[in-house]
Amino acid sequence: MFQNTGVQSVLEKSIFLAMMLTLVMSPVLETIIFQFGIFEILYGIIGAFKRNKTKWNTLIPATITVTLFAFAHNFSMAYIIIIFLPSVLFQITYIKFRTEQKMSRAIMFTMLQHFIYNASTVVFSMIYYLIFK
């Protein structure tokens with residue numbers, strides 16, 4: 001189903017490395033890249049063109065960020081569709097906690113939410129594997 005790459009071969013041989021990437025590195029890097037980095041850049045660009053604060057100042061960058069996040073997980077079209085909902089939830093969490101004084105709180109809550117999502121996915125995958133393999 002998936003094309004085997006060198007990285008995938010290493011991960012299949014090292015459960016610890018795979019868990020570290022899935023449970024630690026992915027939430028940290030993806031939150032910094034997408035919910036913080038891309039969103040904030042787009043938010044700044046759109047804010048520069050719009051003087052009035054409207055819902056579009058947040059909605060447009062959020063929609064673009066969510067879409068890019070989903071397409072970054074391009075294992076298959078089904079997976080892109082499945083990952084879209086958690087992506088929306090991560091972005092809503094980030095936006096809800098985002099203020100000038102509490103940017104770090106928004107990043108941490110989003111990372112925590114992403115960690116919990118990935119951890120539950122790992123647990124359910126292991127259970128599925130044990131039952132049906």
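Close-up 1. Arg-98 is buried, at 17% relative accessible area. Buried means under 20% relative accessible area, exposed over 50%, and partly exposed in between, with a 1.4 Å probe and protein chains only. The model is predicted: local features need pLDDT of at least 70, side-chain atom pairs count only at pLDDT 80 or more, and totals for chains, interfaces and linings use all residues. Residues are numbered from 1 along each chain as its sequence is written, and side-chain values use heavy atoms, with hydrogens and water left out.

Side chains of opposite charge can pair when their charged atoms come close. Arg-98 forms a salt bridge with Glu-40, and the closest N and O atoms are 2.5 Å apart. Glu-40 lies in helix H2 and Arg-98 in the loop between helix H4 (77–97) and helix H5 (103–132), so the pair ties together parts 58 residues apart in sequence. Glu-40 is also buried, with a relative accessible area of 19%. The count comes to 1 salt bridge. The rule asks for a side-chain nitrogen of Lys or Arg within 4 Å of a carboxyl oxygen of Asp or Glu. Helices (H or I, at least four residues) and strands (E, at least two) are DSSP runs, numbered from the N terminus.

**Close-up 2. Helix H2 against helix H3.** Helix H2 (residues 15–49) and helix H3 (residues 55–72) pack at about 145 degrees, with axes 9 Å apart. Axes are lines fitted to C-alpha atoms, for helices over the stretch in contact, and angles run from 0 to 180 degrees between N-to-C directions. Residues in the contact include Phe-34, Ile-38 and Phe-39 of H2, and Trp-56, Leu-68 and Phe-69 of H3. Contact means heavy atoms within 4.5 Å. The contact residues divide into 14 nonpolar, 5 polar and 1 charged. Ala, Val, Leu, Ile, Met, Phe, Trp, Tyr, Cys and Pro count as nonpolar, Asp, Glu, Lys and Arg as charged, and the others, Gly among them, as polar.

**Close-up 3. Aromatic pairs.** The count comes to 8 aromatic pairs. Rings of Phe, Tyr and Trp (its six-membered ring) pair if their centres lie within 6.5 Å; planes under 30 degrees apart count as stacked, over 60 as edge-to-face and the rest as tilted. Phe-39 and Tyr-43 are stacked, at 5.6 Å centre to centre and 25 degrees between planes. Both lie in helix H2, 4 residues apart. Phe-39 is buried at 1% relative accessibility. Ring pairs also link Phe-34, Phe-69, Phe-90 and Tyr-117 into a cluster.
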